[in-house]
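User: Hello! I am new to this structure and would like a friendly walk through it. Could you show it to me first?

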Amino acid sequence: MLVSLADIEDLLQNPASGAPVRLRREAGVVIEATATDAAFPVMHGQPVLIDFAASIVPREWFREEREVYSLIGKRCDLPRAVKGWLFGTAAISRRNFRALRRLLEGAPSRHVLMVGAGQKGMGSDLLYDDPAISLIAFDVYPSPLTVFSADAHRIPLQDRSVDAVCVQAVLEHVLDPARVVSEIYRVLKPGGYVYAETPFMQQVHEGAYDFTRFTELGHRWLFRDFDVLDRGPIGGPGLSVYWAMKYFFRGLTRSRMAANVLSLPFGVLALFDRFMPAGHLIDGANGVYFLGRKSETGLQASGIAAAYEGAQR
């Protein structure tokens, strides 16, 4: 269940200095957000807690309120849900969110930070719909699913303030994924959990705000300060071919709609991923996931090769 700003106001801080942020309201709506050393914009009643001097997010985005801030605009979730069901990726996400929810059963507060949550990720409804879980959600833009705006490179929350962090289909869109993961580590309580999904064999999406891809092993190294509870591929070579053909036809026809139609027959290749051994799925993964626990030791460089689980051993 999404928290209100009033529930977490004591956790908010200036992302640049760490100074506490205080909110002023009129008729129950936030109209002002300030720290002792800074003032922040407020859009649709949500504070924009971004250090613009250290962010690629332009302050101009927040000069005036508008209905849609997202670069991809309003998105219909039905086609994604259908494809996720057909290709099996939705089942993987739901299984992993279910596992995270079980892990949180022993946590007294069950505060879960949703990073880049302006639009709901596949399977995350298991957390949103659970009244025992308090979701603190943010993105670089305000939406009905967020409580504040922030840049994940500098999360405006106090150290050790949340029990779990979810970062789903986000790390490809940040300039410095390692910095973001270090911030996730900082805001997690000792023994807290992280769940991440990140693309590998996918083409550029969201234009100029798409930067990085990770192999499954590279993803494990990114989360090297966490003990692994589960990790693996989301979709395999078949799904990756479907993505490639979609972009092939997009380049050929210059039409997103035509590309979606012409690439549909290649979607059947994703069904064959279900019959491939895990190692081959890892090497040709469309995306990867990681579920881990905050650690004091983590994975050392000397152990990274042994952590490889692909088919080329």
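**A guided look**

Analyst: Let us begin with L271, which counts as partly exposed because its relative accessibility is 32%; buried means under 20% relative accessible area, exposed over 50%, and partly exposed in between (1.4 Å probe, protein chains only). This is a predicted model, where local features need pLDDT of at least 70, side-chain atom pairs count only at pLDDT 80 or more, and totals for chains, interfaces and linings use all residues. Residues are numbered from 1 along each chain as its sequence is written, and side-chain values use heavy atoms, with hydrogens and water left out.

User: In which helix is L271 found?

Analyst: Helices (H or I, at least four residues) and strands (E, at least two) are DSSP runs, numbered from the N terminus. By that numbering, L271 is found in helix α9.

User: How many bridges join β1 to β2?

Analyst: Two strands pair if DSSP finds at least two bridges between them. Strand β1 (residues 22-26) and strand β2 (residues 29-35) run antiparallel, and L23 stands opposite A33 in β2. Their hairpin has two residues between the strands, and A27 takes a positive phi near 55° there. The number of bridges joining β1 to β2 is five.

User: Which residue in β3 is the bridge partner of A35?

Analyst: β2 also pairs with strand β3 (residues 38-40), in the antiparallel sense over three bridges. A hairpin of two residues joins β2 to β3. In β3, the partner of A35 is A38.

User: How many residues apart are F97 and Y195?

Analyst: Rings of Phe, Tyr and Trp (its six-membered ring) pair if their centres lie within 6.5 Å; planes under 30 degrees apart count as stacked, over 60 as edge-to-face and the rest as tilted. The structure holds twelve aromatic pairs, and F97 with Y195 is an edge-to-face one, 5.1 Å centre to centre with 65° between the planes. This pair links distant parts of the chain, F97 in helix α3 and Y195 in strand β10, and the separation in residues is 98.

User: Over which ring does the charged end of K246 sit?

Analyst: A charge sits over a ring if NZ of Lys or CZ of Arg is within 6 Å of the ring centre and within 35 degrees of the ring normal. The charged end of K246 is 4.6 Å from the centre of its ring, which belongs to W243.
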